[in-house]
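Below is a briefing on selected local features of a two-letter set of chains, arranged by topic for use beside the sequence and coordinates.

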Amino acid sequence: MAVESDRAREVGPRGPLGSPTEEGRRFSTAARALAVTMLALFLAALLNAQNIYKSVYNQPEGTQREVALALAGPLREVSMALRLDRPRAWVESATGREHATIDTEIVLPPPLPTETTPVTATGKSALPTGERTPSPPSREESEKVAFTPRNKMRLWIAGDSLVITPGYAVYRVLGRNDAVETVGDVDGRVATGLTRPDVFNWFRHVTEQVEKRTIHTVVFCFGGNDDHDLMTGLPEGTSLDGFGGPKWVKEYRRRVGGMMDIVNRAGGFVVWLSLPVTDDAAQSRRWRLLNRAALAEAQRRAGKVAYVDMYGLLSKDGEFASYLRNPDGELEQVRAPDGVHLERAGGDIVAKEVARQVRRVYDFSSWRNQ
Amino acid sequence: VLFPTATFAIFFLIVLPLSWLLMPRVHRWRPFIIGASFVFYSWWDWRFIVLLAGSILWNQLMAVRVHQAVGQRARQKALLWLAVGGNLAVLGYFKYYDFFVSSTENLATLVGLDIPLDVRTVILPVGISFYTFMGISYIVDVYRGDTEPTTLEKFAVYLSFFPHLVAGPIVRPNELIPQIETPRSPRRVDTSRAFYLIAAGLFKKVVISSYLAGHIVDEVFANPDQYSSLEILIAVYTDIAIGIALLLGFTFPQNFDSPYAAVSIQDFWRRWHMTLSRWLRDYLYIPLGGSRRGVAITYRNLLLTMLLGGLWHGAGWTFVAWGLIHGTALCAERFWRERHGTKPEESFTWVDYFWRRLATFHVVCFAWIFFRSETFGVAWDMITGLFTRWGQPSPLVTGPVLLAIAVGIGSQYLPPRVPRAILAVFSRLNVVAQAAVLAVALMVTQALGSQDVAPFIYFRF
């Protein structure tokens, strides 16, 4: 009965199909709407097959990725056979956008000889006992490379999404100095890292950037997406144990050190931001492991790399804190609601420390006295 | 689940045919769509489906109680306050807890008191502002006698229906519940309008809004002391929601109507987030007394409504400032009209249109500075920059940025007959041709879109 009464009350006339609306459009049937939707999405999938394949390839390891690859692979083959991947390539070429390629080649320079200058330990640190935050040795004023408004220090900031907020804060703090020039926007790329060059090849990108532009200081922050087992772009014959295992850490340190060397080889100074404490204790533990790897590589390059302990700077008694007091005693929200990223005030705290570290090496103030 | 994602496309491809298959037996369709909506909501964080279910149960229970108390004015009013208070308490906790606590603590510090309060960041459940307002409108409409309580099942569909759940529009009970009660006709689906809204919404969101956010807005607001230019374009997310609802056979009210073509701030609020504007009018401004209690009370009501409207958009004093600017502008316009009368729009010359639109646009953009700024310091830097940094280079104002701005603003002035004619032609194409047009539109949108389409909320790192 209920069914019959439901059917009897169906809204709208059951007249001939395609009856027009008051604005001249024709109505359609639900079946036709469904057919158009499904066919449109299928055609769109073929036209975007290359990018779909890359997105699937970039997913974290697991069954979902395997299943998706099994579907996206043939889709890409069909698209290429029918040359349906061409229109998107034309649009991307015409607008100067990057094509979806999977590039896992990692080319790293040999490290520079290590300086023998001692590493000083400064700043508060939330790292486990025995680990200290190294600063570059503060050079005598006369030893510092001096920059002026006519010979500016060129500053570039790059990394995963965690670099974005502190990166802008560094630009605010240092960028207002007439002897400092920022190189491009903060190059923060969401969901990237050093373990998955297939997602975004930072090694190639940084090499190209330092070759193309003159850069004196680079602020890096990596690792937010690196706390998992899978690494692509491994040297031939290399096998890994799981995340945090000796082989994994050795390969990760090679990559971190390699990033520092790319900049050092081009004459640049690196400021490496550690990963911050998060509201997830397990994640914070994993990130501390990554921080230890970066810290060790920074210590090996004392004088050329400064390590800024974002973990300690943004914690309260070693624990996660959404709010911290500023120097005026006011509470400020320093962490984003996701418990991972930084709010503007958190970025400002980090930026002050970055500026302090850069000033230990470079002089961009004395020109005012001349 | 966000609309412009592959996950949503798969979800919708499953829900759309099942919805139409079950539609003739609407008593089976309703549990199905409630289940689908809860799956949709739980994709973000499954724990918050308890909150959504709680909101449904609370509002339905209280609506029935309010209705049963007809004739007992005091009791009915008390139940209304309890129901509305319950809704606002939940919204207040999740959305405003840390804002109120940190503001209180800072105020205490300012006057020399040391009151350590429990400041913590509370996760804001997606869509809570929208479904809380819809719940309140249901209760108030029952109280006013504008509608009667429906069944729990129908109310659950009304509140949780996934097209409007995350970002509106704020649909009223008498707009949606009658549509839920009877099966939608499978022979009268306005697909051409639906596809147009979805495709245009995706293009605005993925290409224009994301491009401008990533290439100029985010950086300018991060470094306000270094830039002097500004443009904001808010994504018209609800267009997609309206299009999706149309494909399922449901009609939602229009939410945006070329707001940057407004000739006054009052006109702007008739065109901008229209379902929120009328909610504020009907459930806040009019209950406060509207314009019926004298000039001073009218101005107070306008200001109060816009201040609270500002706070609805976000928990921060800059949002309150945004509301204050709009409230002040509305008061000023009203004052002017009362003193000098109103020129009917039919008699506007192009000069009238030009300067009115120009002035309105600038007031709106000025207010956006506060809306987008995280602190008053940032807003102040932006404003001083507008007046002091003329002639400085603007490296972010590139050709593509100007083009995106031009397309965004130009679309506001497109005569309605143009999309109407395009849709009439599109609706007469065969299935394959329609699908091909849509596929190319999707491909172009994806190719031109930002490569990191997550500028507002970081779902990943």
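Buried means under 20% relative accessible area, exposed means over 50%, and partly exposed is in between (1.4 Å probe, protein chains only). This is a predicted model, in which local features need pLDDT of at least 70, side-chain atom pairs count only at pLDDT 80 or more, and totals for chains, interfaces and linings use all residues. Residues are numbered from 1 along each chain as its sequence is written, chains are lettered from A and ligands numbered from 1 in the order in which they are written, and side-chain values use heavy atoms, with hydrogens and water left out. Helices (H or I, at least four residues) and strands (E, at least two) are DSSP runs, numbered from the N terminus.

- Strand β7(A) covers residues 217-221 and is mostly covered, with five of its five residues buried.
- In a regular strand, side chains alternate between the two faces of the sheet.
- Thr217(A), Val219(A) and Cys221(A) point one way from β7(A), Val218(A) and Phe220(A) point the other way, and all are buried.
- Two strands pair if DSSP finds at least two bridges between them.
- β7(A) runs parallel to strand β4 (residues 153-159) of chain A, and five bridges join the two.
- Phe220(A) in β7(A) is the bridge partner of Ala158(A).
- β7(A) also runs parallel to strand β8 (residues 269-273) of chain A, through four bridges.
- Val270(A) in β8(A) is the bridge partner of Val218(A).

- Thr182(B) sits in the loop between α8 (173-181) and α9 (191-222) of chain B.
- Thr182(B) counts as buried because its relative accessibility is 13%.
- The side chains of Thr182(B) and Arg184(B) make a polar contact at 3.3 Å.
- Ser347(B) belongs to the loop between α14 (317-340) and α15 (350-372) of chain B, and its relative accessibility of 36% makes it partly exposed.
- A polar atom of the Ser347(B) side chain lies 2.8 Å from the backbone oxygen of Pro344(B).

**Backbone geometry**

- Most residues other than glycine have a negative phi, and most peptide bonds are trans.
- Arg83(A) is not a glycine, yet has a positive phi of about 60°.
- Arg83(A) is in the loop between α4 (63-81) and α5 (86-94) of chain A and counts as exposed, at 57% relative accessibility.
- Ser258(B), also not a glycine, has a positive phi of about 45°.
- Ser258(B) is in the loop between α10 (237-247) and α11 (265-271) of chain B and is partly exposed, with a relative accessible area of 23%.
- The peptide bond joining Gly168(B) and Pro169(B) is cis, with omega about 10°.
- Pro169(B) lies in the loop between α7 (162-165) and α8 of chain B.

**Cysteines**

- The structure holds zero disulfides over all chains, a disulfide being a pair of cysteine sulfur atoms within 2.5 Å.
- Cys331(B) counts as buried at 11% relative accessibility, and Cys365(B) counts as buried at 14%.

Note on methods
A polar contact is a pair of N or O atoms within 3.5 Å; within protein, one must be able to donate a hydrogen and the other to accept it, and residues adjacent in sequence count only if both atoms are side-chain atoms.
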